[in-house]
Amino acid sequence: MSVLTTARGDLIAYDDSGPADAPAVMFITGAGPDRAGDPTTRATAELLATQGIRSLFADRLGRGESVSNGPITLDAQLAAITELAAISRAPVVLVGHSSGCALAMLAAARVPNVAGMFLWEAPLGLFPEGAAAWWASVRESIDAGDLEAAVARYMAGMPPEWLDALKQTPEYPRVVLGWVPDGEALAAVEQRGYATSAPLVALTATETFPGMVATADALAAAAATGTSERMPGSDHSWNADAMAQRLADFLHPLS
């Protein structure tokens, strides 16, 4: 494990695998587990290293072994992503998972050496009243100090067993405070879009939730250079072998 100290004084814990001078992949997780609880992303990073691709896999701000030096805001999270990406002198592909896709789309404009965005099952365009209205309801509960209601509102539309499992964790319900960047990013991207012409690959699992394929198709169509692809996976997770190979195929020509 390595640790980056950001300009704000946040401590970002991350794993750095693969050749230091190689094109890099930076994983941006969504409102999910930390590095220790994400074996699929870890396996993907290890597979990429065997193909000569560098991987940066960090605990999100305030999660796992990453320590926040203040409120976990969208700007602080984007700054952490940007500063970690700057470790690579080579081209970097940002790989967003779920709500991490919105963070990747906003961060890409800040990363000078960004070579592309891989977006795995971005939950955009799926909120009945729009992401801004959804996030406003979550934010209202947070501001009122009702974190349990905030978690329930954030998880609206997700399988009920996901919320049940979350309630068994020691982080519940304060975990929702670490999701503030996700909610703000999803609302911002839906309302204002994003400012980068980097190639975009929108990916969904072969077994996915309703609406995900349509969202991927729309993201690809709206990008300056975009593709929408299906890939082996289920339950909102990708297959490590398939993802590693697809990323390697994209990055090898940049070596």
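Q: Is Trp134 buried or exposed?

A: This is a predicted model, and what follows is computed from it. A residue counts as buried when its relative accessible area is under 20%. Trp134 has a relative accessible area of 9%, so Trp134 is buried. With a value of 7%, Trp135 is buried too.

Q: How many aromatic pairs does the structure hold?

A: The structure holds nine aromatic pairs. Take Trp134 and Trp135: their ring centres are 6.0 Å apart and their planes meet at 50°. Planes under 30 degrees apart count as stacked and those over 60 as edge-to-face, so the Trp134 and Trp135 pair is tilted.

Q: Which residues do ring pairs link into a cluster?

A: The cluster is made of Phe127, Trp134, Trp135, Tyr154 and Trp179.

Q: How many helices and strands are there in the protein chain?

A: The protein chain has nine helices and 10 strands. Its radius of gyration is 17 Å, close to the 18 Å that the globule rule gives for 255 residues, so the chain is as compact as a globular protein of that length. Along the principal axes, the C-alpha atoms fill a box of roughly 50 × 40 × 30 Å.

Q: What share of the residues of the protein chain count as buried?

A: Of the 255 residues, 51% count as buried.

Q: How many positive and negative side chains does the protein chain have?

A: There are 15 positive and 29 negative side chains. The centres of the two sets lie 6 Å apart.

Q: Now the backbone. Which residues does a cis peptide bond join?

A: The cis bond joins Tyr172 and Pro173, with omega about 0°. Pro173 sits in the loop between α6 (160–166) and α7 (180–192).

Q: What is the phi of Glu121, and where does Glu121 lie?

A: Glu121 has a positive phi of about 50° although it is not a glycine. Glu121 belongs to the loop between β6 (114–120) and α4 (131–143). Its relative accessibility is 1%, so Glu121 counts as buried.

Q: What is the phi of His236, and is His236 buried or exposed?

A: His236 is not a glycine, yet its phi is positive, at about 70°. The loop between β9 (233–234) and β10 (237–238) holds His236. His236 is buried, with a relative accessible area of 7%.

Note on methods:
Residues are numbered from 1 along each chain as its sequence is written. This is a predicted model: local features need pLDDT of at least 70, side-chain atom pairs count only at pLDDT 80 or more; totals for chains, interfaces and linings use all residues. Side-chain values use heavy atoms; hydrogens and water are left out. Rings of Phe, Tyr and Trp (its six-membered ring) pair if their centres lie within 6.5 Å; planes under 30 degrees apart count as stacked, over 60 as edge-to-face and the rest as tilted. Buried means under 20% relative accessible area, exposed over 50%, partly exposed in between (1.4 Å probe, protein chains only). Helices (H or I, at least four residues) and strands (E, at least two) are DSSP runs, numbered from the N terminus. The radius of gyration is taken over C-alpha atoms; the globule rule is 2.2 Å times the number of residues to the power 0.38. Lys and Arg count as positive and Asp and Glu as negative; His and the chain ends are not counted. The place of a charge is taken as NZ of Lys, CZ of Arg, CG of Asp or CD of Glu.
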